[in-house]
Amino acid sequence: MTPMQIQTVSEAADDIRRLIAQGDLPGASAALTPLSVPEVVELIDRLGIEDAAIVYRLLAKARALDVFEALSPGTRGDLVRALRNVEITALFAEMDPDDRVWLLDELPASVAPQLLRGLTRQERDLTSSMLGYPQDSIGRRMSPEFVTTHPDLTVAQTLTRIRGALDSAETVYTIPVTEYRRIVGVVSLRELMAASDSDLVGDLMSEAHVAEVTEDAETAARRTTDFGLLALPIVDSEQRLVGMLTVDDAARILKQEESEDAARQGGVEPLRRSYLSTPIRRLVRSRVVWLLVLAVGASLTVQVLDAFQATLAQLTVLALFVPLLIGTGGNTGNQAATTVTRSLALGEVAPRDVLRVLSREIRVGFCLGLLLGSLGFLFAGLIYEWQIGLVIALTLVAVCTVAASVGGMMPLIARSIHVDPAVFSNPFISTFTDATGLVIYFLIAKAVLGI
């Protein structure tokens, strides 16, 4: 969206907020009319949840469903809480099974039975089966509504099948080819359209990339985008087809995961709604826990300084370099953690590569320490004395090596114990390297300066 469009939506949000406050609902409805679906979504993100619920009720039924499906999962959950039960039930029945599960994951568990009771038996069974899969698995994000074909069917027979499933199937651009429910290949709609009606599907199909239904959702979504697939078949442990992951759902999964990782790397719990529409109390809650944890961790730094107070008293110039050394260590560790976390997400490394990663990060940290230490040696030596320069140089080499090693290891350790690697990222590593960096610094100073 361009800056001009953003400004237009911002102005519309202010106008609609004012009209609602005045009780002029027809005026608010008229202000919504020229806005596109993406603009209405952004407008809702800018409003408080009470005003957002009023705006949603002013939308026509068909448009309301399009807007709801485009909202983030957190905004959907808040909006449902603000709507009446009859509105929620009708809206829930219109959604696809995978979108229903996205929504239910944002709502209290007690709400699910009430919403499921409003569905037909078939839709209820489809949705319930998806809810039975693990929380972060691709089984909760796939679509169980799809159309298949068979290797022995002709192109004409397959196209007839596709036409009959246009209203129910999530996608018809990639068609799974199955035998006894087991997937044996895929064929694209483009290939079918280009072939003769009498051609057999078995002669046109290609090998299928698949994901198991219990596989991590982010891993399956990344595979979909990496291979440039329009849809990824999802199978159970016996290779029986149970669903399809479309490229738009894969993009939505990756967007949510990357948003969560970015937040946690900064020591913040991810927001469920946009920043402007998130209440102040929720912003405080998303930050205060990590600040308390990091404050406790920072007390280690205070204890280290207290333990080496006598050393500082003998040579006060050492205190001048404390911010430089602990800052360099924290930045080095954060760089390593960010690099390895990204490589984990892309599937380039795995916990089993821990020794290879450690070896590489030790060498990277040592090289960085040599470069920075050389500069530190010249700077401190010329301004103070060469012994001080040597202390700074040796400390930078040691601190960079340790920080890079720890930063590279933490994401792998987190993944191996099934914890989000981002949680062990920047804030945690900075706190750890602050304390260890000071210990290294003062031990080297005492050894070199004889104090």
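Reply: Counting up the secondary structure, the chain has 22 helices and five strands. Keep in mind that this is a predicted model. Of the 451 residues in the chain, 46% are buried.

Now for the close look. Two packed helices are described by the angle between their axes and the distance between the axes. Here the pair is helix α5 (residues 61-70) and helix α6 (residues 73-82), which pack at an angle of about 130° with their axes 8 Å apart.

Who does the touching? On the α5 side, Phe68, Glu69 and Ala70 make the contact, and on the α6 side it's Arg76, Leu79 and Val80. Sort the residues of this contact by type and you get four nonpolar, two charged and no polar.

Two of those names come up again when you zoom out. Phe68 and Leu79 are among the residues with the most contacts inside the largest nonpolar core, along with Leu43, Val55, Tyr56 and Phe92. That core has 39 residues, and helix α1 (residues 3-21) gives the most to it, with six residues.

Leaving aside residues up to four places away in sequence, Phe92 touches Arg100, Leu103, Leu104, Leu115, Leu116 and Leu119. There's also a second, separate core of 19 residues, and Val317, Leu318, Ile326 and Tyr441 are included in it.

Methods
Residues numbered from 1 in each chain as written. Predicted model: local features only at pLDDT ≥ 70, side-chain atom pairs only at ≥ 80, totals over all residues. Heavy atoms only, no water. Axes fitted to C-alpha atoms, helices over the stretch in contact; angles between N-to-C directions. Helix = DSSP H or I, 4+ residues; strand = E, 2+ residues; numbered from the N terminus. Contact = heavy atoms within 4.5 Å. Nonpolar A, V, L, I, M, F, W, Y, C, P; charged D, E, K, R; others polar. Core = buried A, V, L, I, M, F, W, Y, C linked by side-chain atoms within 4.5 Å. Buried < 20%, exposed > 50% of the residue type's maximum accessible area, 1.4 Å probe, protein only.
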